[in-house]
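Student: I am new to this structure and would like a close look at a single part of it. Please take one element and go through its surroundings step by step.

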Amino acid sequence: MSQSHTRVAEALRDEACPVTEVLDHVAGKWSIGILIAAAHGPVRFTELERAIKGISRRMLTLNLRRLERDGLLIRTVHPTVPPKVEYSLTPMARELHACLTGLVGWAESHRPAIARARAAYDATART
């Protein structure tokens, strides 16, 4: 392996790995929806289940646990019968939510350009 290749591989490992690890957790199919839904204040499990179309109870549970473990959600259990459990964003997750909001705005404003680029690429790929 060349020295140049080794330096590139080391830079990729040192700089991209932390980003990749974080994005794997927060940019999953369901995580973004959970974070956006919880950004409006404490939210209960069933509210999340209704708000996030297509998510199963098991996937919601797994994602909530992972986001809590990563320090992005606070799970509060109220001592009532039946128990009332609410999820809310941590300060770190609120900061992430602001970034996600910016990303959503970027995606919405560039959606037509991306669609045109895909169509142009597909047209040239067929020939």
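Which residues in helix 2 meet helix 5, and which residues in helix 5 do they meet?

Tutor: This is a predicted model. On the helix 2 side the residues are Ile32, Leu35 and Ile36, and in helix 5 they meet Ala93, Leu96, His97 and Leu100. The axes of the two helices, helix 2 and helix 5, come within 10 Å of each other and cross at roughly 110°. Angles of 65 to 115 degrees count as roughly perpendicular, so helix 2 is roughly perpendicular to helix 5.

The protein has five helices and three strands, and from the N terminus on they follow the order α-α-β-α-α-β-β-α. Of its 127 residues, 23% count as buried. Among contacts with a separation of 6 or more, 48% are between residues 24 or more positions apart. The protein exposes about 9,200 Å², and 60% of that area is supplied by carbon and sulfur atoms.

Next comes the core. The largest nonpolar core contains 23 residues, and Leu35, Leu48, Leu64 and Leu73 are those with the most contacts inside it. Two or more residues each are given to this core by helix 2 (31-38), helix 3 (45-51), helix 4 (57-69), strand 3 (84-89) and helix 5 (91-126). Helix 2 provides the largest share, four residues. As a general point, nonpolar side chains in soluble globular proteins tend to be buried together.

Leaving aside residues up to four places away in sequence, Leu73 touches Ile34, Ala38, Leu64, Leu67, Glu68, Tyr87, Ser88, Leu89 and Thr90.

Helix 2 lies across strand 1, strand 2 and strand 3, and runs at about 100° to strand 3. The three strands form an open sheet in the order 1-3-2, with antiparallel pairing. Strand 1 (43-44) and strand 2 (73-78) are the edge strands, each pairing on one side only. In general, the strands of a sheet pair through backbone hydrogen bonds, either parallel or antiparallel.

Taking the pairs in turn, strand 1 and strand 3 are antiparallel and are joined over two bridges, with Arg44 opposite Glu86 in strand 3. Strand 2 and strand 3 are also antiparallel, joined by six bridges. In strand 3, Lys84 stands opposite His78, and Glu86 stands opposite Thr76. Strand 2 and strand 3 form a hairpin, with five residues between them. Five of the six residues of strand 3 are buried, so strand 3 is largely enclosed by the rest of the structure.

Finally, return to helix 2 for one more residue, Gly33, which is found there. Buried means under 20% relative accessible area and exposed means over 50%; Gly33 has 27% relative accessibility, so Gly33 counts as partly exposed. The C-alpha atoms of Gly33 and Lys53 are separated by 9.3 Å, and the two residues are 20 residues apart along the chain.

Technical notes: Residues numbered from 1 in each chain as written. Predicted model: local features only at pLDDT ≥ 70, side-chain atom pairs only at ≥ 80, totals over all residues. Heavy atoms only, no water. Buried < 20%, exposed > 50% of the residue type's maximum accessible area, 1.4 Å probe, protein only. Contact = heavy atoms within 4.5 Å. Areas by Shrake-Rupley, 256 points an atom, 1.4 Å probe, with all protein chains shown as cover. Core = buried A, V, L, I, M, F, W, Y, C linked by side-chain atoms within 4.5 Å. Pairing = 2+ DSSP bridges. Axes fitted to C-alpha atoms, helices over the stretch in contact; angles between N-to-C directions. Parallel < 35°, antiparallel > 145°, perpendicular 65-115°, else oblique.
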